[in-house]
Amino acid sequence: IDRNSGIFFALFMMNLIFGNLFAAVFLDYGLETMYLFIVLTVISITATVLFLTIRVPPENEESGIGETVEVKEAPSIFEVILIFKNPILLLLVCSSIYSGLSQSLFFGSFTSLIGDTITIGYVMTVFGLADCSGKI
């Protein structure tokens with residue numbers, strides 16, 4: 001897996017820590033969960049708008065090290081679907097299903113067992129730290 005996938009995975013795992021810590025501190029101040037959802041919704045909308053405004057680099061623009069950057073044509077939907085015939089990517093299907101099921105357990109069933117809305121963020125932050133260190 002290349003460098004960009006590793007960066008994405010690291011940012012994804014940091015979400016387990018900092019997102020839960022933010023929610024824990026937010027709820028620890030005695031604010032209602034409705035305000036937490038409003039803040040998180042505004043953050044997600046802002047991130048989506050920023051993502052949509054990413055521009056495509058112009059063709060034949062020189063990079064910082066003196067070589068030209070070649071912009072390739074975007075693949076069609078059919079070409080993207082054909083990627084899933086690759087046996088290496090088919091191996092990722094099982095891990096993706098496991099990841100989705102484990103996240104639904106952790107954030108759906110496990111959190112309802114904790115009960116207290118103030119400590120749930122701290123518990124999930126510790127869980128995120130343990131999960132990140134276990135995946136290193």
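User: What percentage of the 136 residues of the protein chain count as buried?

Analyst: Of the 136 residues, 13% count as buried; that word means under 20% relative accessible area, while exposed means over 50% and partly exposed lies in between (1.4 Å probe, protein chains only). This is a predicted model, where local features need pLDDT of at least 70, side-chain atom pairs count only at pLDDT 80 or more, and totals for chains, interfaces and linings use all residues. Residues are numbered from 1 along each chain as its sequence is written, and side-chain values use heavy atoms, with hydrogens and water left out.

User: Why is Thr125 called buried?

Analyst: Happy to show you! Thr125 has 7% relative accessibility, so Thr125 counts as buried, the cut-off being under 20%. Beyond its neighbours within four places in sequence, Thr125 is in contact (heavy atoms within 4.5 Å) with Leu16, Ile17, Asn20 and Leu21.

User: How do you know that the span of helix H5 agrees with its 15 residues?

Analyst: A helix here is a DSSP run of H or I with at least four residues, numbered from the N terminus. The expected span is 1.5 Å times one less than the number of residues. For H5 (residues 120-134) that gives 21 Å, and the end C-alpha atoms are 21 Å apart, so the two agree.

User: Which residues of H5 are buried, and what puts them on the same side?

Analyst: They are Gly121, Met124, Thr125, Phe127, Gly128, Asp131 and Cys132. Because they cover an arc of only 165° around the axis, they share one side of H5; the arc is taken from the directions from the helix axis to the C-beta atoms. Val126 and Gly134, on the other side of H5, are exposed.

Methods:
Helices (H or I, at least four residues) and strands (E, at least two) are DSSP runs, numbered from the N terminus.
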